[in-house]
Structure formats: C-alpha cells, structure tokens
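Here's a walk through a two-chain model, written for someone who has it open on screen. Have a look at it first, and then we'll go through the parts one by one.

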Protein chains: 2
Amino acid sequence: MSITAEPIARVMLALSKLPGIGPKSAQRLAYHLLDSPDMEIEELANSLLELKGGLSLCSICFNVADRNPCSICADTHRDAALLCVVERPSDIPPVERTGRFHGFYHVLHGSLNPARGIGPDALRIRELLPRVRSGAVTEVILATNPTVEGEATAMYIRQLVSPCGVRVTRLARGLPFGADIEYADDITLGQAIESRQGF
Amino acid sequence: MSITAEPIARVMLALSKLPGIGPKSAQRLAYHLLDSPDMEIEELANSLLELKGGLSLCSICFNVADRNPCSICADTHRDAALLCVVERPSDIPPVERTGRFHGFYHVLHGSLNPARGIGPDALRIRELLPRVRSGAVTEVILATNPTVEGEATAMYIRQLVSPCGVRVTRLARGLPFGADIEYADDITLGQAIESRQGF
C-alpha cells in the first residue's frame, strides 16, 4: 500500500514522464499544485488539452503555428535574402533571442539518421529547394545541431543547394562563452583551434 | 507580435508558474509535450483536474489522503508509541523514504509566524494534545524545519506537550552527509560542534 494518496501519485507519475523532472521534482511539483489555487491548476490542464488543437504547420517554413503562414513568414520586415535551416521548431526561439538574425526559417523536422531509417524524404528537405531557387535568397545558414546526425544533414543539404548559386554557411564551432579550456572536450577544443579567428 | 504560437505560449506561461521551472525549462517542456502522444498529454491534464477532488484531510493526522483514516493511520503494523510532528504533508514521504521511522504522523499545516499573523490556532496544534494524551504515545518527535519559524513552532509544542509526561525529541542538527567543513555555514558548523556525538 502506497503512503502517497492516489490522486497525488497520479500527478507525480504524469509529471515524471517529462524531461528533466525526476521523482523528487515530481513530488515537489505535485504538492505545490495541491496548495495552488484551483484556477491555476485548471489553466495548466486546459492549456495542455488545447495545445495541439490550435496548431498546424506553416505551409512555407513548416514551423508549428497558430496561423498560416506563421507570424514569422508573414513578417514583411524580415530579410528575404537570408534563410536559416533548423532541425526543430524549438530551435527558432533561441535563434530569435540572439537578436542577430532577421531572415526567414525552414524547419526540417529532424535530422538524417540512416540507422533509424530517417532519410531525406522523412524530412522537409524537398520543400527547401523551391524556396532557395525563388531568387530572393542569397544565403542559406545551416543551423543544424553540432552532432553526427546534424552534420550529416548539413552536408547533404549543402550538396543539394550548392548548384543554386547561393552562399551556404553554417553556425561557427568553437569554445562556448564562459568555458574553461582546461576542461573543454577534445572535439570542441580541436574545432576552436581549427577555426581560429583573426584578433 | 510573438513568434511563439499562442497555444505553446499559453502552456509555457502556465508551466513557468511552477517552482523551479523558468522560461527556458517551460519552453523545453512545452515543445516536448508538442511531440508527445496525445494520451500522455491528456493523462497529465486529467490527473491535474482530478488532483484535489479525490483528496481530503485525514481526521486523525491531517495528512492529505484519498481515504479516511489515511493509509498510514490505518496501518496496524506501525508503532503507536512514536508520533512524528511535521509542518507539511510533503514532509512525510522523505521521512518514510529513510526507512528509519515506523510510527505515526501529525501534520501541522504550517509553522508559527507571528509577523504573518499565523498563530497556534491557524495550525493543527490543538488537535495534537488529545493524541499525545491518549496513553499510547511515549515519544513525540518534532520534525519541523530547521528555520526560525520551525524552531519557534517546535519550542511552542514542546512547552505544550511536556506536561503530558512523554519524551519530546527533535531531529538532530549537524553537518549534512557529504558536506565540506571548509565551506559549511557558521550556524550549521556551530550546531555540529555543540551537538557533537560520542565516537
């Protein structure tokens, strides 16, 4: 017999399926919710229930959006010459937060992974070509993750769009801000040396 | 105009009201939920909506419970001589996890805080006396938090139950496991010296 009441245990179990929430955090959150106003709990529950219903993919960039085209693709103040290719919709907010990019996006919805049967047709790669060929784009920035799969995806796309005559770039590799050289991993430090910049 | 679709922003806002979940975690969780099976999202939402409905306070120990008496108070294998007084229902699972206590509990639902107008009558202190006087209890363990309010609450209860002729103890103070003496705070180290134990 569990010492934790079933309704609390149920919330804990559901919360502990989320990334980064272990059993202890789940318990703390469940007891916090127990002390929260009913309105706050209901708002969280209802926002969850209505999360997917109001969303679809933008038919231009394939970002998840509550309108079509999405608010980014509909923004006429952006620079149509720059197209940033990302793996996931969740990669867009961090790029936006930097304030350093004012172009448009293209969301692949994953990365190439032959071992798991994910080839180019499983991603939104085909839809990228007409956008690059449209004439407005002068640079494609490959912002895939610095992982084996992200690298393979970037290389595949580079080969594909190079004949279009646009500049193809990728995010810089090097030491992250605040890093300690003594504890940097070999690959990162190696890339930082390889890509050393004039100073 | 926000670049994040409204249904996602709404989940992020609701999640970011929980303790320990900042804007970045809320975003990560929201996008994770977006990729989760509908069933998992619905189970989380429904468990939240049904959290409080199935719960009430145990009429003996005042723990939140899905039955009355709660599963702990109904457990005949526990030692009725030991009564552990805690501030909150969420303090019970950690004490249980230690496996070192097999008695019963009494939940105060807070601690004395005159500055915020919380006196003895706002807590379940009055209900403690008949339990201590019942004859079965030989030791009351005060497991209030090692804070100013928890201390004041423990001292108040000690004065109250001492005339009942039971032993009154509190959780030991000292260095936490794995601590570094060099970095221990003055109060903790002072208490560890003050309460030094035979070895």
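E127(B) is partly exposed, at a relative accessible area of 24%; on this scale buried means under 20% relative accessible area, exposed over 50%, and partly exposed in between, using a 1.4 Å probe and protein chains only. Its salt-bridge partner is R124(B), with the closest N and O atoms 3.1 Å apart. A salt bridge here is a side-chain nitrogen of Lys or Arg within 4 Å of a carboxyl oxygen of Asp or Glu. R124(B) is partly exposed too, with 28% relative accessible area. Elsewhere, R10(A), E43(B) and E50(B) are joined into one network by salt bridges that share partners.

Before going further, some ground rules: this is a predicted model, where local features need pLDDT of at least 70 and side-chain atom pairs count only at pLDDT 80 or more, while totals for chains, interfaces and linings use all residues. Residues are numbered from 1 along each chain as its sequence is written, chains are lettered from A and ligands numbered from 1 in the order in which they are written, and side-chain values use heavy atoms, leaving out hydrogens and water.

Over all chains, the structure holds 22 salt bridges. Here are some of those within chain B:

| Pair | N to O distance | Relative accessible area |
|---|---|---|
| D66(B) and R67(B) | 3.3 Å | D66(B) 28%, R67(B) 41% |
| R78(B) and D75(B) | 3.4 Å | R78(B) 14%, D75(B) 23% |

Now for how the two chains sit together.

The interface brings 60 residues of chain A into contact with 60 residues of chain B, contact being heavy atoms within 4.5 Å. The copies meet through the same surface, because 100% of the interface residues of chain A are also interface residues in chain B. About 5200 Å² is buried between the chains, and carbon and sulfur atoms give 69% of that. In chain A, the residues losing the most area to chain B are I3(A), R10(A) and L48(A), together 13% of what that side buries. Buried area means the accessible area (1.4 Å probe) that two parts lose on being put together, summed over both.

On the chain A side, α1 (6–15), α2 (23–34), α3 (38–49), β2 (64–65) and α4 (92–98) each supply at least two of the residues that touch chain B. The largest share, eleven residues, comes from α3(A). These labels are DSSP runs numbered from the N terminus, with helices (H or I) of at least four residues and strands (E) of at least two.

Chain A itself is divided into domain 1 (6–54) and domain 2 (60–170). Their centres, taken over C-alpha atoms, are 34 Å apart. The bounds come from an automatic or database domain assignment.

A few backbone details are worth a click. N68(A) and P69(A) are joined by a cis peptide bond, with omega about 0°, and P69(A) lies in the loop between β2 and β3 (82–86) of chain A. In chain B, the peptide bond from N68(B) to P69(B) is cis as well, with omega near 0°. F62(A) isn't a glycine, yet has a positive phi of about 70°. You'll find F62(A) in the loop between β1 (56–57) and β2 of chain A, buried at 9% relative accessible area.

Last stop: T153(A), in helix α6 (residues 148–161) of chain A. Is T153(A) buried or exposed? Buried, at 0% relative accessible area. Leaving aside residues up to four places away in sequence, T153(A) touches L108(A), S111(A), L112(A), L123(A) and T144(A). A polar atom of the T153(A) side chain lies 2.8 Å from the backbone nitrogen of L112(A).

Note on methods:
Polar contact = N/O pair within 3.5 Å; in protein donor to acceptor, adjacent residues only side chain to side chain.
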